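Subject: Structure handover

Hi,

Here is the structure I promised to pass on to you. Have a look at it first, and then read on for what turned up.

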Amino acid sequence: MTNSLNTARHCDVLVVGGGMVGSALAPILAAAGLDVVLVDREDPAVLTSAPFDGRASAIAFASQRLMTTTGLWDGMAAHAEPILEIRVSEGGSPFFLHFDHADLGTAPLGHMLENRHIRQALFAATQRTPGVEIKANVAVTIVDGGGARALATLSDGQTISAALVVAADGVRSALRESAGIRTTRWNYGQTAIIATVDHERPHRGIAHEHFLPAGPFAILPLQGNRSSLVWTEPTADAARIMRLEAGAFDRELQRRYGDFMGRVGAVGRRWAYPLSVSMAHRYVAPRLALVGDSAHGLHPLAGQNLNLGYRDVAALAEVIIDAARLGLDIGQADVLRRYESWRRFDNLTLLAVTDGLNRLFSNNVTPVKLVRGLGLAAVDRLPGIKKFFMAHARGTVGGKPRLLEGRAL
Amino acid sequence: MWWDTQGPFRPLHQINPVRLRYIRDRLCAQFARDPNSTAPLRGLRIADIGCGGGLLCEPMRRLGAEVVGVDPSEENVEIARQHATEAALEIDYVQATAEDLAAWGEKFDAVLNMEVIEHVSDVQSFVAACAALLRADDSAMLLATLNRTLKAYFLAIVGAEYVLGWLPKGTHDWNRFVRPSELRATLAKAGLKITDLKGITYMPLPREWQLSANLDVNYLAFATRT
């Protein structure tokens with residue numbers, strides 16, 4: 001231990017995972033003067049390419065404020081399509097729920113961005129921010145958080161000593177496993193088919209969440225006459241749809257879209273993601289904090305998992321930077337506990353809500369249909385409740401980290 | 001034990017952030033530093049009197065100061081040294097008293113007397129020794145202690161030691177608690193003037209200690225030469 005300490009690269013925070021959460025956290029911490037090492041098993045060139053991740057994400061208003069306040073939005077703004085309205089509807093029901101950004105002020109409800117553009121902007125930020133050292137193509141093999149500093153061994157043989165290790169290494173987080181943090185996980189037996197769709201008519205900034213008996217069918221506006229499609233089907237059906245040749249796939253699409261956008265057709269490849277929900281039992285272990293997918297995986301129904309990840313980032317950055325500015329050990333137990341108690345309640349609440357919504361809508365039983373139809377209509381007519389739902393969609397509720405309110409740390 | 005945030009020194013860990021914020025902000029104001037910058041106390045030499053396991057020394061060092069921690073207990077000094085080594089922090093820990101430092105002619109930009117004077121038998125001579133450690137007219141002494149009020153008796157002794165068990169029984173002797181007026185007079189005799197006094201109050205809802213105007217129980221003082 002003494003030997004490896006002597007040759008170790010010392011830093012304040014070791015961020016493991018350079019995805020959309022880890023590579024946002026690293027430059028935010030470094031901008032506050034912390035010495036950060038960011039490790040990823042992939043090459044950034046691969047991470048930021050379209051074939052690696054063809055999905056798009058909704059960046060909620062609060063997440064955008066975090067990005068704007070920390071200078072990360074600059075690299076994304078040019079690629080962002082504002083969401084001006086959200087229309088939630090169901091099968092053949094005449095009832096639908098309508099969220100208009102004008103009800104809350106002038107700012108959009110959120111923005112749609114292709115993941116590769118988010119990744120590119122964040123990667124550029126990690127490169128230009130002094131104080132972030134990027135180590136690509138390496139994995140973390142061992143982490144020992146038992147001492148006054150955490151010691152991490154990398155696959156290239158290097159040892160890194162850090163006051164705190166952040167696990168941003170995704171749903172199947174190896175760091176979480178090795179820390180012995182258990183997760184509760186369940187599958188929906190549903191698979192989301194993701195594709196980019198071209199359409200004849202403009203989307204006018206409207207996002208559609210259409211609840212079909214098989215699962216939600218979401219159309220989210222991208223730049224130009226394009227949308228990001230999240231089409232949920234039972235896993236067996238999804239496999240069949242994934243195998244369809246282009247013409248047949250487009251016909252299936254057209255059938256579900258109807259004709260309100262004119263002719264529609266998929267561009268580029270399709271992606272299939274089995275839907276599951278997971279929740280880590282703890283968010284922290286000695287000198288370790290979980291952020292993003294390593295801590296929680298939500299049903300993608302509300303498109304909120306990445307935004308929850310950014311709320312993790314905002315809370316953890318605030319807790320760490322406040323502690324560092326008092327000269328405290330940023331990896332000590334009471335600092336980490338503050339982060340955990342701040343985030344867990346919020347994440348569990350949203351998990352329960354979106355899981356409940358999906359269960360409510362993914363079946364065809366008539367009384368349930370009636371209730372949810374009336375429910376949607378009722379929500380639409382009660383401005384208070386609607387504002388509450390919209391505030392949730394925008395991520396502006398809950399005990400707020402300063403960055404989510406647009407205040408600098 | 002000193003460094004277990006849930007162990008017997010948990011109350012000190014809980015009160016540490018508010019003490020540190022006070023020390024940092026006062027010193028930054030005194031020496032024209034930006035408290036949000038990296039290592040704002042760089043270039044300042046600070047003595048921590050009665051440093052214990054180093055709960056104040058390590059943060060001061062991380063904030064950039066050159067730190068000397070003294071404690072009469074050999075055991076404390078050893079624990080502090082070992083912990084600093086593990087944390088890769090360079091801190092000079094010495095088994096000594098403030099009087100020793102003064103006799104050796106050591107000088108500092110700031111002297112920290114946190115939760116010390118209520119344990120000292122001759123407060124006046126102790127304060128005089130600490131005052132002799134100040135390097136220049138703008139050097140500062142920071143103190144934290146307990147007020148000799150009925151409320152402090154019930155909260156700090158009956159409450160913290162006997163009811164809540166936050167502190168070991170016998171930690172504090174109420175008769176040695178110091179009223180702000182007495183502290184002011186004692187410091188004045190040593191040529192120091194208190195320019196700021198703040199209370200520390202426990203806020204049950206966020207479950208943390210905060211600065212307040214209420215000096216009834218725990219309070220902090222900032223003093224420089226008159």
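Helices (H or I, at least four residues) and strands (E, at least two) are DSSP runs, numbered from the N terminus. With that reading, chain A has 12 helices and 19 strands, while chain B has seven helices and eight strands.

Before the details, a word on conventions. This is a predicted model, in which local features need pLDDT of at least 70 and side-chain atom pairs count only at pLDDT 80 or more, whereas totals for chains, interfaces and linings use all residues. Residues are numbered from 1 along each chain as its sequence is written, and chains are lettered from A and ligands numbered from 1 in the order in which they are written.

I call a residue buried if 20 or more other C-beta atoms lie within 10 Å of its own, exposed if 12 or fewer, and partly exposed in between, with C-beta atoms placed from the backbone. Buried residues make up 48% of the 409 residues in chain A. Two residues are in contact if their C-beta atoms, again placed from the backbone, lie within 7 Å. Of the contacts in chain A between residues at least 6 apart in sequence, 74% join residues at least 24 apart.

Six of its eight residues are buried, which leaves β1(A) mostly covered. Two strands pair if DSSP finds at least two bridges between them. β1(A) pairs with strand β11 of chain A (residues 159-167) in the parallel sense, over seven bridges, and there A:Cys11 stands opposite A:Ala162. Strand β2 of chain A (residues 36-40) also runs parallel to β1(A), joined to it by four bridges, and here A:Leu14 stands opposite A:Val37. Between β1(A) and β2(A) the chain passes through helix α2 of chain A (residues 22-31), in a β-α-β crossover that is right-handed (with the strands pointing away from the viewer, the path from the first strand over the helix to the second runs clockwise).

Which residues have the most contacts inside the largest nonpolar core? They are A:Leu25 and A:Val165, in a core of 175 residues. A nonpolar core here is a set of buried Ala, Val, Leu, Ile, Met, Phe, Trp, Tyr and Cys residues joined through C-beta atoms within 7 Å. Helix α9 of chain A (residues 305-325) gives the most to this core, with 12 residues. Leaving out residues up to four places away in sequence, A:Leu25 touches several residues, among them A:Val15, A:Val166, A:Val313 and A:Leu316.

Two backbone angles to check

Most residues other than glycine have a negative phi. A:Arg204 has a positive phi of about 55 degrees although it is not a glycine, and A:Arg287 has a positive phi near 60 degrees. A:Arg204 is found in the loop between β12 (183-199) and β13 (206-212) of chain A, and counts as exposed because it has 8 C-beta neighbours inside 10 Å. A:Arg287 is in the loop between β17 (284-285) and β18 (288-290) of chain A, and is buried because 27 other C-beta atoms lie within 10 Å.

At the interface, 18 residues of chain B are in contact with 13 residues of chain A. On the chain B side, the elements that give two or more residues are α1 (10-30), α2 (57-62) and α3 (74-86) of chain B, and α1(B) gives the most, with five residues. By class, that side has eight nonpolar, six polar and four charged residues (Ala, Val, Leu, Ile, Met, Phe, Trp, Tyr, Cys and Pro count as nonpolar, Asp, Glu, Lys and Arg as charged, and the others, Gly among them, as polar).

Happy browsing!
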